[in-house]
Each structure stands twice: as C-alpha cells, then as structure tokens.
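Please read the numbered points with the sequence and the structure at hand.

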Amino acid sequence: MRDVLLMAAFAFLGAAAAGLLGALALRLVRGRSVAVSLTVVAAVAVTAMLTGTLAVAWAMFLSPHDLTVVTTVCAMAAVVSMATALLMGRWVVARSNALALAARSFGDGGSFAAPDGQATAELAALGRELAATSAKLAASRERERALESSRRELVAWISHDLRTPLAGLRAMSEALEDGVAPDPDRYLRRIRTEVERLNTMVGDLFELSRIHAGALSLSPTRISVYDLIGDALAGVDPLARELGVQLIGDRVDPVPVEVDGKEMTRVLGNLLVNAVRRTPADGTVAVTAEREADTVVLSVTDGCGGIPEEDLPRVFDTGWRGTNARTPPAGAGLGLAIVRGIVEAHDGQAAVRNVDGGCRFEVRLPAAAT
C-alpha cells in the first residue's frame, strides 16, 4: 500500500507541474483561436501523463529498456492526441467562421440563415438564437418602416388640415378688421367653429404623443359597460340628429369592467363620431356589448358601405383616413389610432371587419372579476 501511495504522489507531482505550465500557456493564448487552445489542452494532458509516468519510472528504477518502451508509448499517444486536437480545432474554427459570416447579414439589413452542416451543441444553440433575433429585427424593421410611412402621411395631412382653417381664419379676421364682412356674427361663429376644430386636433395630437411615449396615466375603476355606452351615446346624439342618423343601443349587457372611465368614454366617442359621420342620412349606427368567456366585446356597426379589404390592416394606423376622407370634417386621422392606443393600454384589442352595408368596430376588454 505504501508503494502505491508513493507512486501516486510522484505521478501527481509530475502531472501537477505540467498542469501549472499548461495553465500558464492557456492564459497566454486565451485571445487566440480555439484551435490553439484545444492543442494546448491536448499537449497539457499528454505532458502531464508523460511527466507522471517518467516520475514513477525514475522512482521505481526501471531498466533503460523499459523506460524507452514507456516513453515511446507516451510519445505515440502524444502524436495522436495532438493530431486529433488540431483536427477538432480546425473543424470548430471553420464552423465558427461560417456562423460569423452568416451573422454579418444583420448589418446589411438582411436576414440570418444558419450555415448548413453539423455543429457543436453550443454553436447550434447560438445559430438558433441568431435566427430568432433575425426574425425579431426583421419585424422591428417592418414596424419602423410602417411607422415612418404613417408619420410622413400624418405630417402631410396635418399640414394641409392646419393650413386650410388658418387661411380661412386669416381671411375672415381681415374682413372683420376692414369692416367688409357682410354678416359679422356669421363670421364670428365660423371663426369659433374653426378654432374649436383646431383645438380638437391639437388635443388629439397631445393624446397620441402621450400614448406613443407610454405616458398615458390610467385610473381604472369598476364600472358597467351599460353606463359607459349610455354616456357615449348621449355625447354623440346631437351630431347624429343633425346628420339624420339613428343611434341604436338596445343590445347592451350590464357587464362590469375595470377601466379608466374618461379614456374609455373617449374610445367609444371616437368610434361613434366616426360611424355617424360616415353613415348616410336615414342610416343607423348600432352599439352592442356582450360578454364572451373572460372578455367583454363592445361593438359599433355603421352603414358606411364597407372598407376596401386592402385598407383594413391600416385602419388603426396613425394618420389613416381612407381615400374618401381627405378633407374636413374627417379630421386628421388620429381618432382610431387613439382608440387602439387606449384599448391596448387596458390590455385589450381593437379590430374592424366588414359587414353587410358597412363595417363593425370591436373593442375587446378583460372582464372584471365577479
């Protein structure tokens, strides 16, 4: 037993010395290729084995012949180990270079495709992560392009909508100042109408900027959708009477929701005003509310004749107004964008689809706990 412990001690000391030198070598080449690191690791393993073997042979006073045999065996093992390490290192480096080349497509605005062929588990996992990141970046670029397009359209439309009433206000104020207005009271009423419209437009822009900045502050309270819809209908009733549109709200279930009453009333008001303005005289706008599983569905159905299928995905985009809504009183195309922003801030969803004779806007909100 004493001889075994003694041989183990000599072998450990010899291997430890080789291991320390190998650790120093690895530290020196840690910034180099993985092939170099693998070669150093193989060399350390073989050297540690050879050093330990020679230390034991020296301690056991082996004959020169036996010592030559042991040294030759260790040398052959070293050659095979080094060759294997080099081949493995070159294969790993080749796979890493192929992965790096494929990843360069990120900078060119392209998509990532993992190189063909087998790879280590770590490189394969890295390839999958890069592919997932590529898909997210592609979606982000698409959203950015859509937002930039909407922003440009919004700036163009806002500029047009601001220029028209401002020019009218200037002309009317000059006519009043020069005393050439045939009906000053009518001019003053018109000025007030234009100022109110401009004030509404600025308010919508401010609300939309808060939504996009994530600064929309909500104060949720438990409220019945029956009360929400009742307030919204009361607010839009004068406009509906003026345009000869009938409002119908007899299919409203008194389902409770936890929402910011002021903001959700604005959502319903925007939808109703939009529906009333686009429904012909003697037409109807129907409002419903019902519970479906864990959600409450509020809907506004108008008689606008429908929206072109190619425009449906853009209805809630900032600045979208459709081809037949480029002039007042259509507004600046902010109402539906505000609707979507407020609804999503309540963890809900806003959608639109065509129905017979018109379109149906739906707002899905989480139902309040009973």
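1. Residue A275 belongs to helix α7, which covers residues 261-278. In this predicted model, A275 has a relative accessible area of 1%; a residue counts as buried under 20%, so A275 is buried.

2. The surroundings of A275 deserve attention. Apart from neighbours within four places in sequence, A275 is in contact with V285, V300 and D302.

3. The protein as a whole contains 8 helices and 7 strands. Of its 370 residues, 33% count as buried. Among contacts with a separation of 6 or more, 72% join residues 24 or more positions apart. The protein exposes about 21,900 Å², of which carbon and sulfur atoms supply 60%.

4. The largest nonpolar core comprises 46 residues, and L298 and F361 have the most contacts inside it. Not counting residues up to four places away in sequence, L298 touches V225, I229, L268, T288, A289, F361, E362, V363 and L365. Apart from this core lies another, of 7 residues, including M172, Y187, I191 and L198.

5. How many aromatic pairs does a search of the whole structure find? There is 1. The ring centres of F316 and F361 are 6.0 Å apart and the ring planes stand at 85 degrees, so the pair is edge-to-face. The pair links distant parts of the chain, 45 residues apart: F316 is in the loop between β5 (295-301) and α8 (335-345), whereas F361 is in strand β7 (residues 358-366). Both F316 and F361 are buried.

6. Helix α8 has a set of buried residues, namely L336, A337, I338, V339, G341, I342 and V343. After α8 comes D347, which has a positive phi, near 60 degrees.

7. The average pLDDT of the protein is 77, and 75% of the residues score at least 70. Over residues 324-330, pLDDT stays under 50; the model has 10 contacts beyond four places in sequence for this segment. Where pLDDT is low, predicted coordinates should not be read in detail.

Definitions and conventions:
Residues numbered from 1 in each chain as written. Predicted model: local features only at pLDDT ≥ 70, side-chain atom pairs only at ≥ 80, totals over all residues. Heavy atoms only, no water. Helix = DSSP H or I, 4+ residues; strand = E, 2+ residues; numbered from the N terminus. Buried < 20%, exposed > 50% of the residue type's maximum accessible area, 1.4 Å probe, protein only. Contact = heavy atoms within 4.5 Å. Areas by Shrake-Rupley, 256 points an atom, 1.4 Å probe, with all protein chains shown as cover. Core = buried A, V, L, I, M, F, W, Y, C linked by side-chain atoms within 4.5 Å. pLDDT = per-residue confidence, 0-100. Phe/Tyr/Trp six-rings, centres within 6.5 Å; stacked < 30°, edge-to-face > 60°.
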